[in-house]
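Here is a short report on strand pairing and aromatic contacts. Keep the sequence and the model open while reading.

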Amino acid sequence: SVGLLQDHVFVNNASFGTYARIVKNREMDKKRFGRYRIVALLSDIRSLYAPAKNYTLRIGTGDMAKNCRTTMIFAGINKFQMENLGIRAAGKVGREQMSITIMKPVTRLQMTRILLRGLFRQLPQDGRIDVRHAESFTVDAPAAPIACVVDGEIVHLTLPLEFRLLPNQLRVLAPAPQVAA
């Protein structure tokens, strides 16, 4: 399966909010200090503890719509990546779904708790994290273009944002097995 955010294809995740800020800051810091893991780690920590922008928006998933305040929405379709955060893949029998992680506004202490839960694969057990599953969802708010991250690349998109899962759209080609001589 692949995901689609507007007309941008993703195979792992797409998001906006705090995660977009993390990616933007990490790239700037790597340009300034070099492409070292410690630079990325320190940049990520700095970004997570900086004051976050709060979004008031409306999220629609299938037959349900909900108003919420959030600092980040993260849509993941890579089952292994989501399981590393403690988020189980879900879906109706025979149908895949995206995992939609909504982070409510948090204090620095709450952010520390969320990071620790993420390290121990218990992210959904935090009250500031709302995890849902859907084949598609829409995010709408009265805002200007918004910075989004699509598989690690920053793109600026206008609202409403439409996330969709396209099942059975990814075909992987592998070389034929070598015959021993």
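Which residue in the turn between strand 4 and strand 5 has a positive phi? It is glycine 62, with a phi of about 60°. The model is predicted.

## The hairpin

Strand 4 and strand 5 form a hairpin, with 2 residues between them. The two strands run antiparallel. They are joined by 7 bridges. Strand 5 covers residues 64-70. Strand 4 covers residues 55-61.

## Aromatic pairs

The whole structure holds 3 aromatic pairs. In one of them, the ring centres of phenylalanine 16 and tyrosine 55 lie 5.3 Å apart. Their planes meet at 90°, so the pair is edge-to-face, the class for angles over 60 degrees. Phenylalanine 16 sits in strand 3 (residues 13-17) and tyrosine 55 in strand 4, so the pair ties together parts 39 residues apart in sequence. Both phenylalanine 16 and tyrosine 55 are buried.

Another pair joins phenylalanine 137 and phenylalanine 163. The ring centres are 4.3 Å apart. The planes are at 5°, so this pair is stacked, the class for planes under 30 degrees apart. Phenylalanine 137 belongs to strand 9 (residues 136-140), and phenylalanine 163 to strand 12 (residues 161-166). The pair links distant parts of the chain, 26 residues apart. Phenylalanine 137 and phenylalanine 163 are both buried.

## The open sheet

How many strands form the open sheet, and in what order? There are 6, in the order 8-7-6-3-10-11. The pairing is antiparallel. Strand 8 (129-134) and strand 11 (153-157) are the edge strands. Each of them pairs on one side only. From one strand to the next, the twist averages 20°.

At one edge, strand 8 pairs with strand 7 (residues 98-103) over 6 bridges, in the antiparallel sense. Serine 99 stands opposite histidine 133 of strand 8. In a regular strand, side chains alternate between the two faces of the sheet.

## The helix across the sheet

Which strands does helix 1 lie across? Helix 1 (residues 18-33) lies across strand 3, strand 6 (72-76), strand 7, strand 10 (146-150) and strand 11. It runs at about 95° to strand 3. Strand 3 also carries phenylalanine 16, part of the pair with tyrosine 55.

Notes. Residues numbered from 1 in each chain as written. Predicted model: local features only at pLDDT ≥ 70, side-chain atom pairs only at ≥ 80, totals over all residues. Heavy atoms only, no water. Phe/Tyr/Trp six-rings, centres within 6.5 Å; stacked < 30°, edge-to-face > 60°. Helix = DSSP H or I, 4+ residues; strand = E, 2+ residues; numbered from the N terminus. Buried < 20%, exposed > 50% of the residue type's maximum accessible area, 1.4 Å probe, protein only. Pairing = 2+ DSSP bridges. Axes fitted to C-alpha atoms, helices over the stretch in contact; angles between N-to-C directions. Contact = heavy atoms within 4.5 Å.
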